[in-house]
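Let's walk through this structure together, from a single contact out to the whole chain. Have the viewer open as you read.

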Amino acid sequence: MSKRAVAVAGGAAVGVILLCQLLPFWAAVLVIVGVPTLAYLVLDPSQRRRLRRVSRKELGR
């Protein structure tokens with residue numbers, strides 16, 4: 001993994017831990033699920049297609 005990927009993964013883990021301690025469980029789950037979903041919905045259709053294509057290539061399909 002690149003240094004950037006490690007930093008992102010570590011930041012996400014710390015964020016989840018802090019989020020669970022500061023907010024009720026349902027609110028933490030809503031934020032964890034809602035933010036990536038909202039980010040995906042904001043993308044243009046062409047960007048969504050490119051994201052799906054890249055994801056499939058990484059899975060080896």
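A polar contact here is a pair of N or O atoms within 3.5 Å; within protein, one must be able to donate a hydrogen and the other to accept it, and residues adjacent in sequence count only if both atoms are side-chain atoms. By that rule, the side chains of Arg52 and Tyr40 make a polar contact at 2.9 Å. This is a predicted model, in which local features need pLDDT of at least 70, side-chain atom pairs count only at pLDDT 80 or more, and totals for chains, interfaces and linings use all residues. Residues are numbered from 1 along each chain as its sequence is written, and side-chain values use heavy atoms, with hydrogens and water left out.

Arg52 belongs to helix H3, residues 45-59. Helices (H or I, at least four residues) and strands (E, at least two) are DSSP runs numbered from the N terminus. Arg52 is partly exposed, at 37% relative accessible area; buried means under 20%, exposed over 50%, and partly exposed in between, with a 1.4 Å probe and protein chains only.

Now turn to helix H2, which covers residues 25-42. Its 18 residues reach 26 Å from first to last C-alpha, close to the expected 26 Å, taken as 1.5 Å times one less than the number of residues. H2 bends by about 25° at Gly34, with Pro36 following within four residues; the bend is the angle between axes fitted to the seven residues ending there and the seven starting there.

Zooming out, the protein chain has three helices and zero strands, and buried residues make up 5% of its 61 residues.
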